[in-house]
Amino acid sequence: MQPIHVLLLIVIYFGVLIFISYLTSKEDSNESFFKANKSSPWFLVAFGMIGASLSGVTFISVPGDVGSNMFGYMQVVFGYFLGYMVIAFVLLPVYYRLNVTSIYEYLGNRFGIVSHKTGAAFFFVSRVLGSAFRLFLVASVLHEFVFKYWNFPFPVTVIISVLLILAYTFKGGIKTVVWTDSIQTLLMLIALVVTIVLIYQQMGWGLGDFIGSEAIKQYDKVFFFDDILAKNHFIKQFLGGMFIAICMTGLDQDMMQKNLTCKSLKDAQKNMVTFSIVLVFVNFIFLLLGALLFVYASTKGINVPVVDGVVKTDLLYPEIALNSNLGLPVAIFFMLGLIAAAYSSADSALTSLTTSFCIDFLNIEKRELSTQKGTRKKVHVGMSILMILVIICFYYILNQSVISGILTVAGYTYGPLLGLFAFGILTNFKINDKLVPYVALASVATCYIIANIPSAYLGGYKFGYELLILNGLLTFLGLILIRRK
């Protein structure tokens, strides 16, 4: 597939999204941008959230992770499921009862304005870094396989990527995102199915041949109970997945903003339960695809791409889709799926960052009505510029697996949010509101020091996703120390 063909796909794809934006953003009000007028159908939100949760990271990194971790990622996915149930039946009722626009308004109601700002600040850092990680991955692929052909520098690829998001979210905000996410999810799942079917055909397999074959046995291990000290032990992965879901979805304005556009709490809960069930199956199919890719690469003599002397399993899927003999349909749907996967999370991230900054920091609802819309648009442009700068920085400093990087960052930045919300919901204590930022920062610093103790000093113990739980616990204990009667 030639770079000019990929560029044409991108132009057509974003033309469709901009047209949808035109249809959904005629009102162009803050109520529509922030809440979609509380009119989103729950099933549409559920379907769109699949793509937003998976993102370009799952689309590329999860299949690539099979090479080293086999199907072990499913341990995390099972934890996700339990975490989503906590969101549906513990957190959503709180948010709907208070009728919040930003979920961090809860912290202001419960503890005070400093807690509100602290929670929003940690979300802001978390979402900027997380979304930048995701877009960095996709921009890297687009740059390597498309824009590099015309000698575009990487920063130009990043600028183009972010400006495309800005173009279709500028007016409609979350109301547009709910609809575009559904289209993006559909394209991503089509790409997944098409790739699997065509690999099956190339290998001459029937429907169940691969699942029952010897070839998959080197990749099909799901549960790891051998070594409690290892990062991939089941208990660590399951609990880590559970709390990652609670924090990165339930305590994240990005994901919750979609849920809060549903007409009622009951609809939002139906959305969350349906979405969580489907997500388990979709993640399994992505891991199955990963095993297929490694077997196919081995059979056809395709090497895992190496960049700057480092083996990049993240790039195996694009290498096979774009440069092997699977044919043009796989290349087309891969690019559409990749673009859809990336932008289904990036567009809502940009919208949620704008929402949080306007509500939590600028108190936009208290400003003159005539200036509110203009302020929102300026902030939206500002968030786009910030995202561009952060992604370009990652290009020069990132040297680890993208999915691992996101979850590592989440362990530090979402931990204080976990501690704050848990303390607010599980206790009746008031706290010294002014000391909350110090507790949160001390928790992050302590957690960082503990996580970097050499494993030899801990009897061989290696921290994994449970780092998030530790951080939340440290924040919770710190809040106990500053509690009031």
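**Ground rules**

I worked from a predicted model in which local features need pLDDT of at least 70 and side-chain atom pairs count only at pLDDT 80 or more, while totals for chains, interfaces and linings use all residues. I number residues from 1 along each chain as its sequence is written, and the side-chain values use heavy atoms, with hydrogens and water left out.

**Overall build**

I looked up the secondary structure and found 18 helices and 4 strands, these being DSSP runs numbered from the N terminus (helices H or I, at least four residues; strands E, at least two). The radius of gyration is 22 Å, close to the 23 Å of the globule rule for 485 residues, so the protein is as compact as a globular protein of that length; the radius is taken over C-alpha atoms, and the rule is 2.2 Å times the number of residues to the power 0.38. Along the principal axes, the C-alpha atoms fill a box of roughly 70 × 60 × 40 Å.

I then checked burial, where buried means under 20% relative accessible area, exposed over 50%, and partly exposed in between (1.4 Å probe, protein chains only). Buried residues account for 57% of the 485. The protein exposes about 19400 Å², of which carbon and sulfur atoms supply 66%, with areas from the Shrake-Rupley method and a 1.4 Å probe, only the protein chains shown counting as cover for residues. Taking contact as heavy atoms within 4.5 Å, I noted that among contacts between residues at least 6 apart in sequence, 84% join residues at least 24 apart.

**Nonpolar core**

I define a nonpolar core as a set of buried Ala, Val, Leu, Ile, Met, Phe, Trp, Tyr and Cys residues joined through side-chain atoms within 4.5 Å. The largest one has 152 residues, and Phe-59, Tyr-84, Tyr-95, Met-272, Met-335 and Ile-391 touch the most other members. Helix 11 (residues 265–300) gives this core its largest share, 17 residues. For Ile-391, leaving aside neighbours within four places in sequence, I listed contacts with Ala-132, Leu-135, Phe-136, Phe-154, Val-158 and Val-162.

**Helix 8**

Helix 8 (residues 174–203) has 30 residues and reaches 43 Å from its first C-alpha to its last, close to the expected 44 Å, the expectation being 1.5 Å times one less than the number of residues. Just after helix 8, Gly-204 has a positive phi of about 70 degrees.

**Salt bridges**

I counted 5 salt bridges, each a side-chain nitrogen of Lys or Arg within 4 Å of a carboxyl oxygen of Asp or Glu. Arg-127 pairs with Asp-254, their closest N and O atoms being 3.5 Å apart. Because Arg-127 lies in helix 6 (residues 113–145) and Asp-254 in helix 10 (residues 253–259), the pair ties together parts that are 127 residues apart in sequence. Arg-127 is buried at 4% relative accessible area, and Asp-254 is buried at 2%.

Asp-254 also forms a salt bridge with Lys-258 (3.5 Å, N to O), and the two, 4 residues apart in helix 10, are separated by about one helical turn.

In helix 11, Lys-270 and Asp-267 form a salt bridge, again at 3.5 Å, N to O, and they lie 3 residues apart, about one turn of the helix. Lys-270 is partly exposed at 33%, whereas Asp-267 is buried at 16%.
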